[in-house]
Amino acid sequence: MTDEMINQLQPGLTREQVIYVMGTPLTPSSLDQNRWDYIYWSKDSRDNVTQQTVSLYFDGNDLKQIKKKP
């Protein structure tokens, strides 16, 4: 997952459009069908690896909110 992919996300996209941009979520929430989590790791120029999470919240079939956590 790249910042370019995340920057393509915007409220109003359908679930299918999100899958086209991001791929299938690795950790769909079993408790909340309206939340998809994407977990990825990034490496900086000093080879430090950090985990980041992007949580997407849907209202029905439409993306409503995007939260990125470092």
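The largest nonpolar core brings together 14 residues, and L9, V18, M22, Y38, L56 and L63 touch the most other members. Two or more residues each come from α1 (3-7), α2 (15-22), β2 (35-43) and β3 (49-59). Keep in mind that this is a predicted model.

**Inside the core**
- L9 is a handy place to start, as one of the core residues that touch the most other members.
- Leaving aside residues up to four places away in sequence, L9 touches V18, V21, M22, L56, L63 and I66.
- Among those partners, V18, M22, L56 and L63 are also listed with the core members that touch the most others.

**The K68–D3 salt bridge**
- Side chains of opposite charge can pair when their charged atoms come close.
- Here, the side chains of K68 and D3 meet at 3.0 Å, N to O.
- This pair ties together distant parts of the chain: K68 sits in strand β4 (residues 62-69) and D3 in helix α1, 65 residues apart.
- Is K68 buried, exposed or partly exposed? K68 is partly exposed, at a relative accessible area of 43%.
- D3 is partly exposed too, with 45% relative accessibility.

**The D37–R35 salt bridge**
- The other pair joins the side chains of D37 and R35, at 3.1 Å from N to O.
- D37 counts as buried because its relative accessible area is 12%, and the cut-off for buried is under 20%.
- R35, at 25% relative accessibility, is partly exposed.

How values were computed. Residues numbered from 1 in each chain as written. Predicted model: local features only at pLDDT ≥ 70, side-chain atom pairs only at ≥ 80, totals over all residues. Heavy atoms only, no water. Core = buried A, V, L, I, M, F, W, Y, C linked by side-chain atoms within 4.5 Å. Buried < 20%, exposed > 50% of the residue type's maximum accessible area, 1.4 Å probe, protein only. Helix = DSSP H or I, 4+ residues; strand = E, 2+ residues; numbered from the N terminus. Contact = heavy atoms within 4.5 Å. Salt bridge = Lys/Arg side-chain N within 4 Å of Asp/Glu carboxyl O.
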